[in-house]
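Hi there,

Here is the structure I promised to pass on to you. Have a look at it first, and then read on for what I found.

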Amino acid sequence: MLLTPDSDQELFRETTAKLLNEHVPVGELRRLRDDPVGFDDEYWRRGADLGWTSLLVSEEHGGGSISGQGLVDLSLVAYEFGRHAAPGPLAVSNVVAATLSDHGDPKNEPVLHQLMSGESIATWCFGEPQPNDQLASVSLDVRVDGDDVVLNGVKRPVESGQRADYLLVTGRTGEGHTQVLVPAGTAGVSVTALHTVDLTRRFSIVSFDDVRLPASAVIGEVGGAIGQVKWQVDIAVAILCAESVGAMQAAFDMTVEWAFDRHSFGRPLASYQALKHRFADMKTWLEASHAISDAATIAAATRSPDAEELLSAAKAFIGDYGTELMQDCVQLHGGIGLTFEHDLHLYFRRQTVNRALYGTPAEHRQRLADATDRDKGAA
Amino acid sequence: MSDEEDLESFRQRARTFVRSELRPVAPHGSGGILRPDLTDQEELAAVAREREVQRKLFDAGLAGICFPRDYGGQGLTHAHQRVLNEELSGYEYPARIQAPTFSPCAAVLLDFGTEDQKQRHIPAILKGDEIWMQFLSEPGGGSDVAGALTSAVRDGDEWVLNGSKIWTTGAWWSDWALCLARTNWDVPKHRGLTVFVLPLRREGIEVHRIEMLNGSKEFCQEFLTDVRVHDTDRIGQVDEGWTVGTRWMFHERMLTNSPLVTLPAGNSHGGGGASSVHGIARDSGRLHDPYIRDLIGEERMLRLVGNELRRRIGEGTSSGAMPDQSAAIGRLFSGITSARITTIGFEISGSAGAAWSDDDGELAQRGGDFLMRQVSCIGGGTTEMARNVISERVLGMPRERALDRDVAFRDVPRSASPRP
C-alpha cells in the first residue's frame, strides 16, 4: 500500500476498511461459504456508494477519482479487500465500468450508472479453457452478420458469472479483438459453476452458442479493441496485486502476533533465531511486494511506458513470493494453520486465487523476457 | 530554497557536461564479481582517471548533489541526484569513489564531524582528492562490529592506535580511513568505543593485499602499530563511538540508495535495471529457449522489484514512515537477489561455466563469479545480521542472548586465534 497516501486517500481507505469491518467480518465470510453468490446486494451497494465502482469512470459520466489517479485510489480499496478477504467482484466490475466510460457511448450510460450505484453487477469474460488460458490467447469468435454480431466460444473462469447482469466479452473478429456487452440471459448464453478455493468468490464457465446481438452491443470498434483489452488486463493485474499485498499483510501480521504469543519450551516462538530469520525474509518479501505493487499501479495510472513490465514484475513477484509467505505463515502456525477454524486460510485463499488469474508468475516472466529483448534490441 | 535549480535545467546542464566531458563506456557485460581483470598498473590508472572525473564533476558544479553548499556540495535534492544518475547512464563515472567514500564515510562526517573536520575533508572528497576506507571489520570478528579490538590510548593531545582492520576494498590506493577503535576496556563493549579519522599513508600503517579465491587482490588488511592520531581527528565523543557506529552502519546499509552516492541508471550494483544475463543467453545461442527466457524474466523481475524496494525504503526512512533500521530490509534483498542472479548467469552459461575460452564472450568467467557469489551476502554486513536487525529492530522480536552485555569488555571471552 502507498507509503504516504494523501489525507483524502487515507480517509477513503479508512472508510472502506470500516465498511468491510462492519459488513464482512470473518464470521460473515464463513457464513457466505455456502452462499451461491458469495456476497449480499446491500453490501455491494454500500461499497458502490463509497465509490468502489466509479473510480475509473470519468467525471462526465458521473464517476471520478479521489487523487486524480483513479487506479491508485482503487488500489487502496483492493488492498483493504485483501486485508479483509472481502467478497465482491472488485476487479471485473471496475474493468467493465472503465471500458464503458472510456468508450462513452450514450446508449451504455444506463448500464454504467447501474454499475456505479451497485444496482447491477457486471463481469468480464476474458480467459478461455486451456490451452488458451494465457493472456494473449483469445479465440472466442465474434462474427459480424448484417446488423448483428454472433458470438461463439467458451470463457472461463468468469468471476461472478452466475450473478452478473452484464457480461463484457472479449473475442476475436479475424485477427483483431472485439468486445461485446452481453446482457445476462441472452439466448445462447449458458453459465456453469466452477469449484474454487476462495471462500466468497464465485467462478463459472460461460458458453456462447450462436449468441446474436445487434451490432450496437459492440464496445469500441470491431476488430480494434486490442488497446482497450490490454488496459483492462493492466487494471485487473493492478487490482489483484494490491489485493494480494493486503492479504499478505493480514497473514503476516497475524503470524507475527502468534509468534509473540505462542510459547514452547518456555519461550515465545519469536525468540528463536531460526524463526526470527524467517520472519525477516517474509518482511522483506512483504515490503518488496508493497513497493512493486504501488510502483506498477502508479505507472499504469499515469500510462507510463514501463507500466506493462512493472505490472508483470509485480504479478510475478507477488505471485511467487506471496505464495511462499503464505505457506510459511501456515508452517509457523503449525497444524492449526491448516484448519478451517483458524482465519489464516481466508487470506491464503485470496492470494492463491489471485496468483493463478491474469497470468501466472511464469507467464509474466516470459513477458519480462520480452521486455528485456526490446531493451537490448534483440527481439 | 527559492533559487533551487529546477530539474529540467539541471538535466540539460548535466547532459551537456556528460556528453562533452566524459567517455562513453561499452555496455560490457556486468554481473562479474570482483574479477581480477586489471593489472595493478591498469588499476592505478583507472583510479587516477576517476579522481580526474570527480574533479571535472566538481568544477562543473555536479559533485555532491545532496551535500550542503557550505562544504562544496550543490545543496540539491535526491531527485536531482536521480537525474544525474540517468544522464550518466552509459558513461564513465567515479565508481571507486562512491562507496565507501561518499557513503558511509562522508555521510558520517556530515552527521558527526566538527565544522573544521567537515571543511577539511568534504570539499577534498568532492574534488576527488581524498578516497576513503572504512576501518570497521577486524580479523577477530566481522559481524560483531562493536567487539573491535583495535585500541586507541590517549597520550596528551594524541591517541596511539594499535590493531588490525580488514576487508577494505582498494586500501592500497586510498587516502583516508574512518576507524572504530576501543578506548575503554573496563565498560561493556558498546560503551568503550571511539571513532577517528586517519590518513592511510602514515607511519605505522601497513597495508596488505588479500588474494581472494578468484585471484582478486582488491581487498586489504591493515596492521596498525603505534599509529599517532591527533585528538582533533576524533569523530564524536570519547567512548561514544557506538552512537557514531550505529549511524555509520545505517549509511552502509543504505548503500546505493543513499542520496550521497552517484550510480548511473542501469548499472548493476546490487540491483539496477540492466540485465546481466541477457548477454549470456545471447552468447550461448539460447536466447529463444523458453526455459532460458524464464530465467531472464526472473532476473528482470528481481531488478525491478529491488529498485522499487530501495525507493520505498529511501522515502520511508527519510520521511519517518519507516524506522532507519528498515535499511536492513534493502540490504537483505540486495544480497539474496544478487546471489540468485549470479546463479542464473552460471546456469545459462551451461558447460562454459566449468571451462571457457577467452572467445566465449559473456559466457566467460561465470564459474569464477559463481564461486564468489556469496560476496553479496557477506560484504557490507552479512545477510544474517540483516535478518537479526529486521526481526529484532523492525519487528521488535526478542534480542539474541548476548554474553558480552553488561560485562567489562576485557572480561568478554574472545576467539582463541583470530583468523587473518
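In chain A, the secondary structure amounts to 11 helices and 10 strands. Please keep in mind that this is a predicted model, and that every value below is computed from it.

How does the radius of gyration of chain A agree with that of a compact globule? For 379 residues, such a globule would come out near 21 Å, and chain A has 21 Å, so the two agree. Taken along the principal axes, the box that the C-alpha atoms of chain A fill is roughly 80 × 55 × 40 Å.

As for the interior, 55% of the 379 residues in chain A are buried. If you take the contacts in chain A with a separation of 6 or more, 75% of them are between residues 24 or more positions apart.

Now to chain B, where I count 12 helices and eight strands. Its radius of gyration is 22 Å, close to the 22 Å from the globule rule for 420 residues, and chain B is therefore as compact as a globular protein of that length. The C-alpha trace of chain B spans about 70 × 55 × 45 Å along its principal axes.

What share of chain B counts as buried? The figure is 48% of its 420 residues. Among the contacts in chain B with a separation of 6 or more, residues 24 or more positions apart account for 73%.

That is what I have for the two chains. I hope you enjoy looking through them!

Best wishes

Technical notes
Residues are numbered from 1 along each chain as its sequence is written. Chains are lettered from A and ligands numbered from 1 in the order in which they are written. This is a predicted model: local features need pLDDT of at least 70, side-chain atom pairs count only at pLDDT 80 or more; totals for chains, interfaces and linings use all residues. Helices (H or I, at least four residues) and strands (E, at least two) are DSSP runs, numbered from the N terminus. The radius of gyration is taken over C-alpha atoms; the globule rule is 2.2 Å times the number of residues to the power 0.38. A residue is buried if 20 or more other C-beta atoms lie within 10 Å of its own, exposed if 12 or fewer, and partly exposed in between; C-beta atoms are placed from the backbone. Two residues are in contact if their C-beta atoms, placed from the backbone, lie within 7 Å.
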